[in-house]
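Let's walk through this model together, one contact at a time. Have the structure open as you read.

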Amino acid sequence: MASLGSIKRQVTWNDLIFNIILYGMSIIILLIVIYPLYFIVIASFSNPTEVANGKVWFVPSQFTVDGYKEIMRHSELWTGYRNTIVYTVLGTVIGLAVNIPAAYALSRRDLVGRKLITFFFIFTMFFNGGLIPTYFTIRDFGLYDTFWVMVLPFSVAVYHIIIARTFFDSSLPQGILDAAQIDGCGNLRFFFQIALPLSKAVLAVIALYTAVSQWNAYFNALVYIRNEDLKPLQLVIRNILITNQAMAGTGDGLAAQEARRLSELMKYAVIIISTVPIMCVYPFVQKYFSQGVMIGAIKG
Amino acid sequence: MFQAIIASFQQKGPRLFHAALGPKRKGAVHMAAKAAGEKLSKKEILVSTWRRIARNWGLYLLLLPAVVLLFMFTYIPMYGIQIAFKDFTPKAGIGGSPWVGFEHFQTFFNSFQVKSLFTNTISLSLYSLIAGFPFPIFLALAMNQIRVKRFKQTLQVATYLPHFISTVVMVGMLLVWLSPSSGLYGNLAKLFGVQEPPNILGMAGAFQSIYVWSDVWQHAGWDSIIYIAALAAVDPSLYEAATVDGAGKWQKIKYIDIPFLLPTAVILLIMRAGNIMNVGFEKVYLMQNPLNTMVSEIIATYVYKIGIISNQYSLSAAVGLFNNVINFVLLLLVNQASKKMGETSLF
């Protein structure tokens, strides 16, 4: 029987309409997603009066870097930036160190008590002590308003453990373990020397998820941090973007108006500088990420 | 790895929890004894179990950090749930504070806010659920049909990107875009001749819509990944058979793609329905302003405000506990209901 590949299908009207609608819609979706972001980029480089007057659509108007210069002057932004970088790097390392080994251990069928331990983890996804009890626990452990509260107590992410465990389940052939055990390889050695090197895809994915959530972390800081020096970036920019505390320009004088315009401009610039780093990391990790999905696809 | 998750969703009948655990593996002694038809004495079973534990000490070591952290910061706080039933003061501590039973719950249910809190929380949640549900599926179906590789990749990267934006920045962007004077919204309005567009950021009626649709904008792309992975697992011979039968692209989507995605979609819907009382605090809190409070005050923000800000610890703990319990019960109920209906369930 001739292979289906050699059957020439006529391009039907239906299919043509389908394609037109499909690609048309996709382009509209693309624009809806990209244009607002693009607008912020160009607005951050434009004269704020021009932006307010609706003159900015596709290119910056009256190019200026005043917004960025203004950012340079706000030292609390730099403190926040530094803190967030530290929290992100440390938080990702700790997150990997805590979650991945647990996921591996849970993927081993010969683990005694596996069901019980799995339940121990999963139960916390559905029920926890609540805000106030947790708040007092953190205080009692002396972690309130310290640097560690941002990276240690909440580093166990059961969702990540499930993802990693599924990966170990489906991608580590039992045969490798059997062969290694016959050769006298212990569990720890197997994990570090064999399992981990084979798991780059899931390590990249979990690292990415953890890094992003650390970078964007805001609620924990809101509740547990008072010290200005420990505040992460998101908390600082919340003041600038939302509660408008950075440049209070009241009154109608020209200077006040000018100050208000500048604070508007600074908002755009702040959005850009706080989001660009994460967006830059993503393309690099996407390589591992799509590999991870592909590995899963072949196995499935 | 997503394939494995999808595969376990796709199996009708077996429950996800048990399917994920896999078959049991007993020790060699046990197996040999069973094979020989002998009955092991209780002592022998105990000994062989301990032997297996001791042999795998390394695995328990790997588990240790996670278990300790989880115990310290998620289980220990559960002891503090008592705060909801006492008149708690930090000075007296949990032990020294007097019992008041359900008094705080009564206070809460008699307060003037309770009705609006429930209405706001549930309506926002339902709105979010219903609006946000079809778009990731829709996106995945569309992306699956795009044949031009470059365009597909561009579309994917573009739609995934907003997911990485932080909540603070997202709300900041909303405030900037929707500003009636200087934002995109304002500019568009002026373009169409409307000089004084209404301030939708201050309109209580618009709050939920802005919240929900910006969520869809931000997360639909990322949420579609799991559906895309599912679609990638469809047996290509199904498509070929359909082609032979004369199916056009519409029909292939209708009769192959959509039914294939259904189990995954149902599971995700179940998980989200179980979370109805659990609307996220962060975005709502940031979007609140004096003008929209009557619609924007939800249970989570209320718990935070009276607890951390006004220091009414016991009342806040009571409301928080109530919310948690309802969530838990809802999830169990929804899971039961879906089992009854014969669909895949969570556990």
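A crossing of two helices is left-handed if the near helix is turned anticlockwise from the far one by less than a right angle, and right-handed if clockwise. Helices here are DSSP runs (H or I, at least four residues; strands are E, at least two), numbered from the N terminus.

## About the model

This is a predicted model, where local features need pLDDT of at least 70 and side-chain atom pairs count only at pLDDT 80 or more, while totals for chains, interfaces and linings use all residues. Residues are numbered from 1 along each chain as its sequence is written, and chains are lettered from A and ligands numbered from 1 in the order in which they are written.

## A helix pair within chain B

Two packed helices are described by the angle between their axes and the distance between the axes. In chain B, helix α8 (residues 114-132) packs on helix α13 (residues 204-232) at an angle of about 35°, and their axes are 10 Å apart. Axes are lines fitted to C-alpha atoms, for helices over the stretch in contact, and angles run from 0 to 180 degrees between N-to-C directions. The crossing of α8(B) and α13(B) is right-handed.

Which residues make the contact between α8(B) and α13(B)? From α8(B) come Ser123(B), Leu124(B), Tyr127(B), Ser128(B), Ala131(B) and Gly132(B), and from α13(B) come Gln208(B), Tyr211(B), Val212(B), Trp213(B), Asp215(B) and Val216(B). Residues are in contact if their C-beta atoms, placed from the backbone, lie within 7 Å. By class, the contact of α8(B) with α13(B) holds seven nonpolar, four polar and one charged. Ala, Val, Leu, Ile, Met, Phe, Trp, Tyr, Cys and Pro count as nonpolar, Asp, Glu, Lys and Arg as charged, and the others, Gly among them, as polar.

## Where chains A and B meet

Chain A puts 87 residues in contact with 80 residues of chain B. Helix α13 (residues 254-299) of chain A gives the largest share of chain A's side, 14 residues. That side of chain A has 52 nonpolar, 24 polar and 11 charged residues.

One helix pair spans the two chains: the axes of α4 (residues 75-107) of chain A and α5 (residues 57-79) of chain B come within 8 Å and cross at roughly 130°. α4(A) and α5(B) are therefore oblique to each other; angles under 35 degrees count as roughly parallel, over 145 as roughly antiparallel, 65 to 115 as roughly perpendicular and the rest as oblique. Their crossing is left-handed. Among the residues that meet here are Pro101(A) and Tyr104(A) of α4(A), and Pro65(B) and Leu69(B) of α5(B). The contact of α4(A) with α5(B) has 12 nonpolar residues, one polar and no charged.

## Two domains in chain A

Chain A is split into domain 1 (11-64) and domain 2 (67-299), with bounds from an automatic or database domain assignment. Taken over C-alpha atoms, the centres of the two domains are 31 Å apart. Six residues of domain 1 are in contact with nine residues of domain 2. On the domain 1 side, α1(A) supplies the largest share, four residues.

## Two loop residues to look at

Most residues other than glycine have a negative phi. Asp145(A), in the loop between α6 (131-140) and α7 (158-171) of chain A, has a positive phi near 60°. Asn311(B), in the loop between α18 (299-309) and α19 (313-340) of chain B, also has a positive phi near 60°.

Are these residues buried or exposed? Asp145(A) counts as partly exposed because it has 13 C-beta neighbours inside 10 Å, and Asn311(B) counts as exposed because it has 11. The cut-offs are 20 or more other C-beta atoms within 10 Å for buried, 12 or fewer for exposed, and partly exposed in between, with C-beta atoms placed from the backbone.

Technical notes:
Contact = placed C-beta atoms within 7 Å.
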